[in-house]
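Please keep the sequence and the structure in view while reading.

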Amino acid sequence: MADELKVMTSNALRTVFAQVLPAFERAHGVKVAATYDPAKRVQQRLAAGETADVAVSNTPAIERMIGEGLLDASTRREFVDRKSTRLN
């Protein structure tokens, strides 16, 4: 795993990430460099050529970015069970 993991995510996940990232970093020995923007801005940044190791957003935004070729559909992972809102 890389020394730093670059994550682009939507503003809606800022509070959740603040709670889970420290434990993730300790468990995996990696620093997470997360940036938070509206989902549309994440899409614009990727379209402009910026890269990230991980992009996290809502389903419609992810589907748009896959449709535009900005994200690789084969790497898509659901990490929340939408029915129960439990982390998978």
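The sections below go from the overall fold to single residues and their contacts.

## Overall layout

The model is predicted. Its protein chain contains three helices and five strands. Read from the N terminus, these elements follow the order β-α-β-α-β-α-β-β.

Of the 88 residues in the protein chain, 26% are buried. The chain exposes about 5900 Å², and carbon and sulfur atoms supply 53% of that area. Among contacts between residues at least 6 apart in sequence, 57% join residues at least 24 apart.

## Thr 9 in strand E1

Thr 9 belongs to strand E1, which covers residues 4-10. Its relative accessibility is 0%, so Thr 9 counts as buried, the limit for that class being under 20%.

Leaving out residues up to four places away in sequence, Thr 9 touches Phe 17, Thr 35, Tyr 36, Asp 37, Val 42 and Val 56. With Val 56 there is also a polar approach: a polar atom of the Thr 9 side chain lies 3.1 Å from the backbone oxygen of Val 56.

## The aromatic pair

Two of the residues that Thr 9 touches, Phe 17 and Tyr 36, return here. How many aromatic pairs does a search of the whole structure find? The search finds one. The ring centres of Phe 17 and Tyr 36 are 6.3 Å apart and the ring planes stand at 75°, so the pair is edge-to-face; planes over 60 degrees apart fall in that class.

Phe 17 sits in helix H1 (residues 14-28) and Tyr 36 in strand E2 (residues 31-37), so the pair ties together parts that are 19 residues apart in sequence. Both Phe 17 and Tyr 36 are buried.

Lys 6 is another residue of strand E1. Is Lys 6 buried or partly exposed? Lys 6 counts as partly exposed because its relative accessibility is 28%, and the partly exposed class lies between the buried limit of 20% and the exposed limit of 50%.

Apart from neighbours within four places in sequence, Lys 6 is in contact with Ala 33, Glu 50, Thr 51, Ala 52, Asp 53 and Val 54. The side chains of Lys 6 and Glu 50 are joined by a polar contact of 3.3 Å. Thr 51 is 45 residues from Lys 6 along the chain, yet the C-alpha atoms of the two are separated by 8.3 Å.

## Salt bridges

Six salt bridges are present in the structure. A network of salt bridges links Lys 6, Asp 37, Arg 45 and Glu 50.

Arg 76 is partly exposed at 29% relative accessibility, and Glu 63 is partly exposed with a relative accessible area of 45%. Glu 25 forms a salt bridge with Lys 31, where the closest N and O atoms are 3.7 Å apart. Lys 31 is partly exposed, with a relative accessible area of 47%.

## Helix H2

Which residues of helix H2 (residues 39-47) are buried? They are Ala 39, Val 42, Gln 43, Arg 45 and Leu 46. Seen down the axis of H2, these buried residues fall within an arc of 160°, so they line one face of the helix.

The buried residues of H2 pack against E1, E2 and H3. Just after H2, Gly 49 has a positive phi of about 105°.

Methods
Residues are numbered from 1 along each chain as its sequence is written. This is a predicted model: local features need pLDDT of at least 70, side-chain atom pairs count only at pLDDT 80 or more; totals for chains, interfaces and linings use all residues. Side-chain values use heavy atoms; hydrogens and water are left out. Helices (H or I, at least four residues) and strands (E, at least two) are DSSP runs, numbered from the N terminus. Buried means under 20% relative accessible area, exposed over 50%, partly exposed in between (1.4 Å probe, protein chains only). A polar contact is a pair of N or O atoms within 3.5 Å; within protein, one must be able to donate a hydrogen and the other to accept it, and residues adjacent in sequence count only if both atoms are side-chain atoms. Contact means heavy atoms within 4.5 Å. Rings of Phe, Tyr and Trp (its six-membered ring) pair if their centres lie within 6.5 Å; planes under 30 degrees apart count as stacked, over 60 as edge-to-face and the rest as tilted. A salt bridge is a side-chain nitrogen of Lys or Arg within 4 Å of a carboxyl oxygen of Asp or Glu. The arc is that of the directions from the helix axis to the C-beta atoms. Accessible areas come from the Shrake-Rupley method with a 1.4 Å probe; for residues, only the protein chains shown count as cover.
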